[in-house]
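Thanks for coming. I have one structure to go through, and I will take it piece by piece.

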Amino acid sequence: MRSAGRSYGTRFGVAFFVTAGRLIGLRGAYFLLYFIVPYYTFLRPSIRRAAFPYLTRRFPERSRLGLELCLWRQVMEFARTMVDQALAGITDSGTFDLLVDRQPELKRLLADDHGLVLVLAHVGNWRSLMPLLGISGKTVNAILHRDPEEPISVTWSDPRSQGTLNVIDPSSPFGGLVEAVAALERGEIVAIMGDRSWGGRTVGVPFLGGTVRLPVSPYALARLSGARLVAIVSTRLGLGRCGLYFDEILAPSAAEGRSRDFERMAATRYAAFMEAFLRRFPYSWFNFFDMWDGEGGSGRDSQSSFVPTQMGTSTNERQTRREGEHRVRGE
Amino acid sequence: MCVENELKQMILNDLGIKDIELADFDDNMPLFGEGVGLDSLDAVELVILIQKKYGVKIETIDKQRDAFASVATLAEFIRTNRADA
C-alpha cells in the first residue's frame, strides 16, 4: 500500500483560518467550515473516491445515504482538526489540552532507559502529540516527509516541551534508518508513521475486514535496537481538547532471537490497535486513499523515497525471499 | 578469514540473502540496486552487525555511504576504522 500522499489544505487556507480564529475565535472558525465543507464533501470527486473505501468497510451496514452522512462527518472532523492545528499548538497562539489515557503508564514508557519507537498514524490530531512527547525531556526524532506544499509544519511550539525535536528525512540514504537506530540506542524516542508506506518493505495484515500492506520499518527499528514499541494516536475531543491513546505493541523481549516474524506480529497488533481506536472514533481517520487496493498484493510499492540517493535507484519490484514481506529492489 | 569473506558470509547468512551463491558473490558487486539487492533495512542490520563484530560505530550514513557501495569498499572502511586499527 503506497500513500497517494496528497495534502488537502493550502497555505492560504491555513492563513485564512488563523486570521479568522484570531478575530472571531475557534467557535467562529468552526462555523465558517459549514460554508466550505459541503464543497469538499459533495462536489470534490477525488475526495469522495478516496474516502469511501474506508467508510464502506467501517460502516458496512449503512445505506448509500447513511454513508453520505458519514462522509460529511468525516470531512467535517478533518476540517476541524486542520483548524485546530492551524490555531493551536502549531502556531504560537496556544496549546491543546491533552487528556491522556493511562497517563502513569505513558510516563513510565517515556522515562524508560530503552529507546522508544512511537508508531503514529494519520488519524486525529497527530501533530498535537509532538509537544507532549517533548515533555519527556528526551530528544524526539521524527521520521517525516517534509512536503514543501504542506501548509502546516511540525514544530515544537508548546512551552511545556523540554526535549529537542529532530526531523529525520526518510529520503536521506537508507531512509534515515541508520540515524534512527543510533538514536534508539542512545535511549531517545523515534516517531514514525505506521499506516502509510512510501516505498520499502511492507507486510500484509488484516484490517477492517480486508488486508492492507503496512511498512515494516517501525518494527524492524525496534527489533534491531531493542527499543520499546508503542502505538500512539491523538484525536480531537472537543474545542481545544485532544485525547491521547496508546498501547505497547510488543515488549522488547519479544524481539529476542531476531525473528522476522516479530515484524508481522507487531504490524498485526498495530492494525488491531487502530481498529479499536476507529471503533471509538470512526471519523478521525484521515487516510484519504484506498488502502485495500489490491488487497495487500504487490505492485504498488515501487516508488520509494527510501531509495538511498546514490546507491541504486532501480525500482523494479521483486517479491522478497522472506515470506509475506515485499520489498523494492534497490531500496 | 579475510574481512571480505566475513562480510559476504554475514550478508548471505545473517541478512538471509538467498539469491546469490558465495562463489558468485564478487567483491565489487554493488550491494544495493541491481547487485546484491539489499534495501535500507538490510543496511541498518549490516551496520549493527559490523558494529558488533568489528567495533566500528556508524551513527550517520551521510559521510560513510560510499563505503557501502560494495564488499570491497566496506572491507576497506572497516580495516581503516576498526577499534584495533
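Where pLDDT is low, the predicted coordinates should not be read in detail.

This is a predicted model, in which local features need pLDDT of at least 70 and side-chain atom pairs count only at pLDDT 80 or more, while totals for chains, interfaces and linings use all residues. Residues are numbered from 1 along each chain as its sequence is written, chains are lettered from A and ligands numbered from 1 in the order in which they are written, and side-chain values use heavy atoms, with hydrogens and water left out.

Chain A averages a pLDDT of 78, with 73% of its residues at 70 or above. For chain B the mean is 88, and 96% of residues reach 70 or more. The predictor gives the complex an ipTM of 0.85 and a pTM of 0.83.

Now the sheet. Helices (H or I, at least four residues) and strands (E, at least two) are DSSP runs, numbered from the N terminus. Chain A has an open sheet of 7 strands with mixed pairing, in the order β1-β9-β8-β2-β5-β3-β4; strands pair if DSSP finds at least two bridges between them. Which strands stand at the edges? They are β1 (97-100) and β4 (165-168) of chain A, each with a single partner strand, so one side of each lacks a neighbour in the sheet. Within the sheet, β8 (residues 228-238) and β9 (residues 241-250) of chain A run antiparallel, joined by 9 bridges. G238(A) has R241(A) in β9(A) as its bridge partner.

Helix α8(A) lies across β2 (116-120), β8 and β9 of chain A, at about 150° to β9(A). Axes are lines fitted to C-alpha atoms, for helices over the stretch in contact, and angles run from 0 to 180 degrees between N-to-C directions.

Next, α7(A), which has partners in both chains. Within chain A, α7 (residues 217-225) packs against α8 (residues 261-280) at about 130°, with axes 9 Å apart. The two are therefore oblique (angles under 35 degrees count as roughly parallel, over 145 as roughly antiparallel, 65 to 115 as roughly perpendicular and the rest as oblique). Residues meeting there include Y219(A) and R223(A) of α7(A), and F262(A) and Y270(A) of α8(A).

In chain B, the partner of α7(A) is helix α2 (residues 40-54), at about 5° and with axes 11 Å apart. That makes α7(A) roughly parallel to α2(B). S217(A), A220(A), R223(A) and L224(A) meet L41(B), V44(B), E45(B) and I48(B).

Last, α2 (residues 45-58) and α3(A) of chain A: their axes come within 10 Å and cross at roughly 110°. So α2(A) is roughly perpendicular to α3(A). Among the residues making the contact are F52(A) and L55(A) of α2(A) and L67(A) and L71(A) of α3(A). Helix α3 (residues 64-87) of chain A also holds W72(A). What does W72(A) touch, not counting residues up to four places away in sequence? Y34(A), V37(A), P38(A), T41(A) and F42(A). W72(A) and L250(A) are 178 residues apart in sequence and 36 Å apart in space, C-alpha to C-alpha.

Note on methods
pLDDT = per-residue confidence, 0-100. Contact = heavy atoms within 4.5 Å.
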